[in-house]
Amino acid sequence: MSLLDNFLWVIWPYLAMASFVIGHVFRYRWDQFGWTSESSELLEKRMLVWGSILFHWGIILAFFGHVMGIIIPIQFYHAIGFKDPWYELLSLWAGTIAGAAALIGILIINIRRWFVRRLRTHTENMKFAIDALLLIVIAIGLIVTLGYRIWVGLLNMPGGAFFGQPEFDYRPTIGPWFRSLFSFAPDPNLMAPVPPVFKIHILFAFLLFFLWPYSHLVHVWSVPLGYLRRSYIQYRSSNPRLSLARDRMRREGKKPPKVERARRVE
Amino acid sequence: MRVKAQIAMVMNLDKCIGCHTCSVTCKNVWTNREGAEYMWWNDVETKPGVGYPKEWENQEKWRGGWKLGEDGKLELKAGGKLWKLANIFYNRDLPTIDDYYEPWTYDYETLTSAKPSAHQPVARPHSQISGEELDLKWGPNWEDDLAGAPESAPRDPNIREELEEQIRFEYERVFMMYVPRICEHCLNPSCVASCPSGAMYKREEDGIVLVDQEQCRGWRYCASGCPYKKVYFNWHTGKAEKCTFCYPRIEAGMPTICSETCVGRLRYIGLVLYDADAVEEAASVADEKELLDAQRSVFLDPGDPAVREQARFDGVPEDWIEAARRSPIYPLAIEWGIGLPLHPEYRTLPMVWYVPPLSPVMKLFEDPEDAADPDDVFPAIEEMRIPVKYLANILSAGDEEVIRDVLKRLVAMRGYMREKNLSGEADDKAAASVGMSPRQMERMFRLLAIAKYDERYVIPPAHREFAHELEAQQGTCGLEFAGGPGSCASAATDSGRNEAFYAQKEDLEREAERRGMQRPNVNFFRSKADFEAFHLKGKEAGA
């Protein structure tokens, strides 16, 4: 195990993960005002409609694909009798569709950011960087799927050394390595047989995780699921304790006491 | 019944001269920042016209406000909660900056740095967003005094059905009126209902609708959900912003800056008491033309001892109840009914009311022989320059009778007071003919014509007795503390003890004991359940 291997598959992922966790805590604590999706729809929406919808749905699908391939162990599939050829077929088609959607989407988003003057003028460097990084990671991810599953796998074309031989499977290699990071017993040896294109994809992905908390990507954590539960009209009181006490009494069927001079005592 | 107080405004359009002082002072106070250049929390529109943003009243296009579902229940016109979440990546109903206007500034430096030449140097306009030079085609208040009206005004959404035939933008027949607009601080705000993050809320004490800038995540559904298009998206901060009803001034008992500086003194601010439990039903009335009456029915007479008693039980302070009794809003909008809500058909129960303008009488102008009795002005209401139908489309969901009644009262008041001033004896029949008593006539005259500052603005200061209590708790409670939401760290150390706070705390505890109640917990949230109840509060409210 060379020093470089140790750095790439142990130190760098942990650096990125540390930044990811600490950065989020720090940002959430100190920068609620900056926590937003930073939408630019107000300034441009004709391109955004395609870019945003394709990218977001594509990336969500791709995320679940990664959960299926990396997080869920191959033993699980074998245990439930989900055969490898089925998995390969699913990963090929669902992966290609999701990847293509996300790629077209992020491409439009990048083009829009660079070529619509209104957006470019006020775009911060971090936003350019994140959009470009997403483009790179998604493009390489799609190359992985296309090259490994179609070019080499289906069409038997050369390039297996770069894209991966058909007999290579990332589920017993990359998967366990990724999971080993979370059990704090990282095993870089598992990455030894992994073809280069996968490695590039992973290294860039960790750069994305590294920068995530300092960018507009934090809006991912703000998926407003609470909206489904709450009532439409919201009230807030300058003295919530008092309002709550009143509501509690109401619920219990008691008559709340009058306010004597002002809302002083409950 | 659950009595709540709401701060509300009436604008007497009869007096608006369209000077835009309100807009300018508002802008100087609130929106002269990057990202907010295009926002006019207060704007004055010349009607007929498409307004700001363009065609904001066209809800077929923007889908703001509420509608009745097939089951007769209120629904957001742009789609419910699930629909919104499924479409959160792109809000099809959001206007773009071009629907408002692209803000610009001038290249002033060339005026001083230009080299001597045969021609005057020119300061060119350039966009405050992209920095590019702009060819100005639209801007704030572009339609002022009907500028460009032959082109843009026919697209006014209020000109529909028979009005399309009737209204011609010819010089001799042309008419106009000013409509100053701020956020309506609705009783049933669709922007609040549209906010996925729960960052928008109505203040429980005075009903002012605000955006929590820290909780807003920039999903933009409030901006499109408001049928008045009075929630704006700040492209610089990525957060929504809106008219705050100048709450820092209101809390100190001062009128909003737009009202304070109104040259025509046409704005009135005061409290109204309403039954919060009746709001949803009132907004769900099937017939649009009955919405106005339904809206008025949720208000409670502050002079009624039973209402006052209930208000005390529901936590409205005594001086607020007293202020509600003196409120100029209650008589104008409810008792005399001359204040009308802007587009009641949006079902948001807006809290800024408008007294419709009288206007020159066309027919008398053209054919003086026709008017036999100069005092008999009621028939002339039909002949006013501003078509009754047009006013009705703006202020009463198309119900012309409502507009006629209001205009008659305004005309009758003038006749009554003229008679009184000229002959020394008023004609009580003039008052009775519009269903008002002589005393009401005179009160209405006083309020509309000569009311002084403290009659126009009856604003009780906010009760901030507990403000320092909250301050002491700042940073001591919250989500982050060990034990999860609702757990609080101890507030102050011995060295930094807030004596005033503890004195008040003991005061509270003594009082609680005297009443045989549980001792109050001075911590913000007693438990996770309290925390949730606070944040999911409307649930019990059923609103």
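Visitor: Which residues does C222(B) touch, leaving out those up to four places away in sequence?
Guide: C222(B) touches C191(B), S194(B), C195(B), M200(B), V231(B) and A240(B). Contact here means that two C-beta atoms, placed from the backbone, lie within 7 Å. One caution: this is a predicted model, where local features need pLDDT of at least 70, side-chain atom pairs count only at pLDDT 80 or more, and totals for chains, interfaces and linings use all residues. Residues are numbered from 1 along each chain as its sequence is written, while chains are lettered from A and ligands numbered from 1 in the order in which they are written.

Visitor: And how many residues are in the largest nonpolar core?
Guide: That core has 135 residues. C222(B) is among those with the most contacts inside it, along with V10(B), M200(B), V272(B), L273(B) and L332(B). A nonpolar core is a set of buried Ala, Val, Leu, Ile, Met, Phe, Trp, Tyr and Cys residues joined through C-beta atoms within 7 Å. Buried means 20 or more other C-beta atoms within 10 Å of the residue's own; exposed means 12 or fewer; partly exposed is in between, with C-beta atoms placed from the backbone.

Visitor: Which helix gives the most to this core?
Guide: Helix α19(B), residues 400-423, with 8 residues. Helices (H or I, at least four residues) and strands (E, at least two) are DSSP runs, numbered from the N terminus.

Visitor: What lies apart from that core?
Guide: Another core, of 29 residues. A101(A), L133(A), F178(A) and I202(A) are among them.

Visitor: Back to α19(B). At what angle does α18(B) cross it?
Guide: Roughly 105°, and the axes come within 8 Å. That makes α18(B) roughly perpendicular to α19(B). Axes are lines fitted to C-alpha atoms, for helices over the stretch in contact, and angles run from 0 to 180 degrees between N-to-C directions. Under 35 degrees counts as roughly parallel, over 145 as roughly antiparallel, 65 to 115 as roughly perpendicular and the rest as oblique.

Visitor: Which residues of the two helices meet?
Guide: From α18(B), V388(B), K389(B), L391(B), A392(B) and L395(B). They meet E400(B), V402(B), I403(B) and R404(B) in α19(B).

Visitor: New topic: sheets. What is the strand order in the open sheet of 3 strands?
Guide: β1(A)-β8(B)-β9(B), with mixed pairing. Two strands pair if DSSP finds at least two bridges between them. β1(A) and β9(B) stand at the edges with a single partner strand each, so one side of each is left without a neighbour in the sheet.

Visitor: How do those pairs run, parallel or antiparallel?
Guide: β1(A) and β8(B) run parallel, joined by 2 bridges. R236(A) stands opposite R203(B) there. β8(B) and β9(B) are antiparallel over 3 bridges.

Visitor: Is β8(B) buried or exposed on its faces?
Guide: Both faces are covered. M200(B) and K202(B) are buried on one side, Y201(B) and R203(B) on the other.

Visitor: What about the open sheet of 5 strands?
Guide: Its order is β13-β12-β1-β15-β14, in chain B. The edge strands are β13(B) and β14(B), each pairing on one side only. Helix α14(B) packs on this sheet, touching β1, β12 and β13 of chain B. The direction of α14(B) makes about 120° with that of β1(B).

Visitor: What is the phi of D145(B)?
Guide: About 50°, positive although D145(B) is not a glycine. D145(B) is exposed, with 11 other C-beta atoms within 10 Å.

Visitor: And K229(B), buried or exposed?
Guide: Buried, with 23 C-beta neighbours inside 10 Å. Phi of K229(B) is also positive, near 50°.
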